[in-house]
Amino acid sequence: MDATLISIGLDPLTAKITSMVIISVIVLLAFVTIGGILTLVERRISGFMQSRLGPNRVGPQGALQWVADGVKLILKEDLIPEGADRKLFRIAPYFCLVGIFGTMVVFPWGKGVIVADLNVGLFYFISITALVVFGVLMAGWSSNNKWSLLGGMRAAAQIVSYEIPVGMSLLVPILISGTLSMGGIMASQGWLPWEWMVFKSPFAVLSFIIFFIGSLAEANRTPFDLPEAESELVSGYCTEYSGFRYAVFFLSEWANLFVLGGLTTSVFLGGGNLPGALEGFTILSVLVYLAKVAVVIFVVIWLRWTLPRFRIDQLMSLSWKYLLPGAFIAFLGQAAYMLLTQHTPIVQSIIAVLMFLVFVFVLIRFGLKVRVSINEQRIPVNSPASNVS
Amino acid sequence: MTSALKTEYLTINMGPQHPSTHGVIRFILKTDGEIIYECDPDVGYLHRGIEKIAESVTWQGFVPYTDRVDYVCAMNSNLSYCMAVEKLMGMETEIPKRAEYIRVIVSELNRISSHAVAIGAADMDMGAFTPFVHFLREREHINDLLEMACGARLTYNYICIGGVHNDLPPAFLSKTAEFLDHFEIVVEQINRLISYNQIFIKRFANVAVVPPKMAIDYNLVGPNLRGSGIKFDVRKDKPYSVYSDLDFDIPIGSGRAGTLGDCYDRYMVRVEEIRESIKIIRQCLKQIPAGETKAIVKSTIKPPKGHVYFRTETPRGDTGYFLYSDGKTSPTRLKIRTGSFTGMSIIPEIARGVFIADLVAIIGSLDIVAPELDR
Amino acid sequence: MGAYFQNIKDGFTTAFEGMSISFATMFVRKETVQYPEVDISSNATIAEKYKGSLMGMPENYRGILDVDLSLCTACQICQKACPIDCIVIDNIKCDKTKLSDGDGSPVLNRFTQKEALKTRTVTRFDINAAKCMYCGLCEKACPTSAIRHTNQFEMNRESQEELILRFVSDDVKATAEKRASEIEAEAAAKKAAKAKKAQEEKAKEKGAEE
């Protein structure tokens, strides 16, 4: 892009800055769109899970609902409660925004499609998302509302606690791939399911589960949505927010969902890897990647609309008593496993295929259960047959 | 330097507009961080003076008001009041048998829908919204059935003094039977979705334990009392209507997931009562006789002088109507005793030292309905 | 230690179970009734566009009240039966007529099973639909089924005043009042004539005696 700009007569420095601005705007807009669409997707899916239809009036099948919601939120009056710490109150949403959007820098959209493949990419990813906790804490503190304060405190305790098991569990992929760069981790996996990071060893499976649970908690999703637990804390840290600032919180929450899916996909689920013959089709790689992200996001939404919420002490005990020891076991076990099997790659492959088969078995079990449930729900009620007495 | 920081309790106002105090209930909480040190319930936000209104409307005219006493189970409220008036007039034996059976069918259907709402609301307070909507979906079928019987979905005014207003439509019985076959399976499915969920059990088990003695001391009634392991049910111990002819069990708490009398016990008692109600309705559908549905009652009734107290088992427990008649066209004094009020009175005792999130679970498990609480 | 692993196992299996159910629900009929598009006024019409299992409105649905003035005998029983006094009826004495349906068959009093008789005419029949609680007591009390609930439930009006349903228009009221005054005048004339006649007869008798 720089070259194009220079060719139309800009000097190199201006060209660089202009191109950076343009790219950031594109990325930002892409993220806003993704966040918006995800709100709609979540509402539709939750509707289907509850025998409802969900929003379907604005545009075809409700496709423009998120635009309407966004416009509504922006047109709302931006209230700042009396007694609020005005500076912190105003700045808090942008900490959340920056924390989420900052990950864009190392976000691998597909093979080779990455803004900056930092050699500490994963590390950067984890640390930049920690900014969210500042935003949430500030919002909770500055709102001058006790419910918000409790929400902010909960969020701080929760996110800080869960960063540890998440960080620990990410050590396993790092061990396997031997790099911290997102591109490198993605490149160390293949396109076949048993070449994905998650199936590489039993310990990788364990670390994947821990990572997934932990990042759910970091993203404040049910069953860990305590910071904004509606039935307990009204709306948690964003109780007092309205208008645009609320929209920013809202957006970063759903963008966070996408980030969660993206990180899971690129680290554990093979990213945008393609079969050797199709190597080089970047668009296809991006599509594969996005499809996997969509599946992960669906699972997250699905979990949210199935499970009840933890209590704060149970949340802490889950983190410290269950996930953290598990993450240690996964890390040490993986190290030992690699030491034992480093000269027999065939054993590694067999175990990977076995892990995949176990997964397939679980899926089949699941399918059978789903079939039973569908049949149960299809038992007729108010059928025409019952009209005669 | 000695600590200059001083700590103090945080006073939080929970309600009247709080998402988990369904309706308008207010709690003034003194908390130490998230742990409740003192909880002071504040009732009266939904007080409509129904007991006073009774003194200026006719005896029949008060029946629609009993719908509003507890709109989650209006049929049961109707039944309590009408049976109390019938007892006052000494015409209990004149009620046609078919009317008695219809009353039991509709009030048990209403009990199911009320328990479905209670359980669903408890689930929703625990953060699981889907089971709540599933329960509402099933409740919608019950509403359809009752609407078919009487023409209204929520405030039925179907049971009247002397029987029921009109006979059931022809398709009602077959549709009810079909619904029960459907619901029996689906309610078990919803239980698998939420009631047996490990997170849910951990949230409810061992929280807010009410030992049997405390339950009696605080005068808990209905499922809350039975959740503490005390086998008392007005339908069984002081049978009214045709309950003495019906065969059903009384589920009681047994410390399924922890301690006897915890939130989970109270919750599961309701789940099991749904099954018992299904059993009762099935028997009624089999036994219901043909015939009249209303005894002859004058258009303006003047019960003899005297007073009566009549208790029935509504979904929220032993509901009693005290009527005092001066032989006039309207009651001289009417007093309603409801289960939610006693449920509310125990909250300060059991909500000491629990988390705010547990208070939400307590409200959900005690099934407190604001209109019934304040009347 | 056993409880520790039991917790983990139970956590996973029950979550698995729950997820299978919420997933299954996605493939079962949706119960939402898309209200304005779907005609919910009866079981037959709802089935046209709606695939779920909810019922339409039953025939005895208690909607907005409607009064058939040709059947109303102005007996005011509904007014007395109403627990919240949302019905107001004024009446005047009028022609004595036997009520009949459209086809000419006589209307029977619901309670006495005798032919219903109309001796008075309503000059005002107001129902405050904003106040009405749709309990159905008036419908049940009416001896000639003149007042009854309709299937109508859409009641958007711009002011509360418009929510008061006035069934007797001013014209009808004026006609009725005119007719009543005629009847009154006739009756008075009759009475006067009768009195006069009586007097005359009395005078005659007196004359005969003399």
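The contact takes 46 residues from chain B and 37 residues from chain A, counting heavy atoms within 4.5 Å. This is a predicted model, where local features need pLDDT of at least 70, side-chain atom pairs count only at pLDDT 80 or more, and totals for chains, interfaces and linings use all residues. Residues are numbered from 1 along each chain as written, chains are lettered from A in the order written, and side-chain values use heavy atoms, without hydrogens and water.

**Interface**
- Chain B and chain A bury about 3,700 Å² between them, 58% of it on carbon and sulfur atoms; this is accessible area (1.4 Å probe) lost on being put together, summed over both.
- In chain B, B:Glu34, B:Glu178 and B:Ile199 lose the most area to chain A, together 15% of what that side buries.
- There are 3 salt bridges between chain B and chain A (a side-chain nitrogen of Lys or Arg within 4 Å of a carboxyl oxygen of Asp or Glu).
- B:Glu34 and A:Arg154 form a salt bridge at 2.4 Å, N to O.

**Sheet in chain B**
- An open sheet of 3 strands has the order 6-7-8, with antiparallel pairing; strands are DSSP runs (E, at least two residues), and two pair if DSSP finds at least two bridges between them.
- Strand 6 (306–314) and strand 8 (333–337) of chain B are at the edges with a single partner strand each, so one side of each lacks a neighbour in the sheet.
- Strand 6 of chain B is joined to strand 7 (residues 317–325) of chain B by 9 bridges.
- B:Val308 has B:Leu323 in strand 7 of chain B as its bridge partner.

Terms used
Buried area is the accessible area (1.4 Å probe) that two parts lose on being put together, summed over both. Helices (H or I, at least four residues) and strands (E, at least two) are DSSP runs, numbered from the N terminus.
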